[in-house]
Structure formats: C-alpha cells, structure tokens
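Colleague: I would like to learn how to read a model like this one, feature by feature. Could you take me through it, giving the general idea before each case?

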Amino acid sequence: MQSLEKRIAALEVTGAPADEMTIIRRFVSPGGSDGEIHRLRDDDGKTWTRQPGETEQELIDRASLEVKRNPWGIASLTADGAEVLHAEH
C-alpha cells in the first residue's frame, strides 16, 4: 500500500498538463475549403484579426499564444465563417 501512495504522490507532483494543443474549428461550404482564415475567436468571444502582412499561420500562432487554455492545456478557436467564405471570392 505504501508503494501505491508513493506512486500517486509522484503523479501529483508531475501531473502538469501535456503539451499544449490548439483546436481550430473551421466551417466551410462544400467545395470551398481552401479559403484563408482572416479572423479567429475563442469560446469567450475574444477575437484575433489578421494584421496587414501577417500570414494565416502567424495569425494562428499569435492567437494560440494569447488564448485562454483549459486545465488540460487545450485551447479552442473558431475561424469566423464569414471571413472564410469571403476569402474565396
């Protein structure tokens, strides 16, 4: 029993979240999946808009650094659908 308690204590000390992960939800129309992302928002309504000269990946990286994460290190962002649709035209 003492061995089990030591193992549990060790897990509690090293129980930091795994590597951080960002999930990006992107809603697109059929045949329109190649539009670039120009705006991202989190579940709390905070938004990140692509700056002049900023690439899509740079926007994603910037938002991923600033977004609030859950206790497991996971962040959830949504690409603004209107921006994705307009990027195609």
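Modeller: Let us begin with a term: a polar contact is a pair of N or O atoms within 3.5 Å, where, within protein, one atom must be able to donate a hydrogen and the other to accept it, and where residues adjacent in sequence count only if both atoms are side-chain atoms. Please keep in mind throughout that this is a predicted model. A case that meets the term is the contact of 2.7 Å that joins the side chains of Glu 36 and Arg 50.

Colleague: Where does Glu 36 lie, and is Glu 36 buried, partly exposed or exposed?

Modeller: Glu 36 is placed in the loop between strand 1 and strand 2, and with 38% relative accessibility this residue counts as partly exposed. The C-alpha atom of Glu 36 is separated by 6.7 Å from that of Glu 56, although the two residues are 20 apart along the chain.

Colleague: How should I read the pairing of Glu 36 with Arg 50 as a salt bridge?

Modeller: As a general idea, side chains of opposite charge can pair when their charged atoms come close. Here the side chains of Glu 36 and Arg 50 meet in a salt bridge, at 2.7 Å from N to O. Because Glu 36 belongs to the loop between strand 1 and strand 2 while Arg 50 belongs to the loop between strand 3 and helix 2, the pair ties together parts that are 14 residues apart in sequence.

Colleague: How many salt bridges are there in total, and which residue pairs with Arg 25?

Modeller: The count comes to four salt bridges, among them the one in which the side chains of Arg 25 and Asp 43 meet at 2.8 Å, N to O. That pair links distant parts of the chain, since Arg 25 sits in strand 1 and Asp 43 in the loop between strand 2 and strand 3, 18 residues apart. Arg 25 is partly exposed at 31% relative accessibility, whereas Asp 43, with a relative accessible area of 57%, is exposed. Another of the salt bridges joins Glu 54 to Arg 62, with the closest N and O atoms 2.9 Å apart; in this pair Glu 54 counts as buried at 13% relative accessibility, while Arg 62 is partly exposed at 23%.

Colleague: Let us turn to the fold. What pattern does the protein chain follow along the sequence, and in what order do the strands stand in the sheet?

Modeller: The protein chain has three helices and four strands, which follow the pattern α-β-β-β-α-β-α when read along the sequence. The four strands form an open sheet in the order 1-4-2-3, with mixed pairing. Strand 1 (21-26) and strand 3 (47-49) stand at the edges and have a single partner strand each, so one side of each is left without a neighbour in the sheet. From one strand to the next, the twist averages 25°.

Colleague: In which sense does strand 2 pair with strand 4, and what is the bridge partner of Leu 40 in strand 4?

Modeller: Strand 2 (residues 39-42) pairs with strand 4 (residues 74-79) in the antiparallel sense, over three bridges. Within that pairing, Leu 40 has Ala 79 as its bridge partner in strand 4, and Arg 41 stands opposite Thr 78. Strand 2 and strand 3 also run antiparallel, joined by three bridges, and there the bridge partner of Leu 40 is Trp 48. The hairpin of strand 2 and strand 3 has four residues between the strands, and in this hairpin Gly 45 takes a positive phi near 95°.

Conventions
Residues are numbered from 1 along each chain as its sequence is written. This is a predicted model: local features need pLDDT of at least 70, side-chain atom pairs count only at pLDDT 80 or more; totals for chains, interfaces and linings use all residues. Side-chain values use heavy atoms; hydrogens and water are left out. Two strands pair if DSSP finds at least two bridges between them. Helices (H or I, at least four residues) and strands (E, at least two) are DSSP runs, numbered from the N terminus. Axes are lines fitted to C-alpha atoms, for helices over the stretch in contact, and angles run from 0 to 180 degrees between N-to-C directions. Buried means under 20% relative accessible area, exposed over 50%, partly exposed in between (1.4 Å probe, protein chains only).
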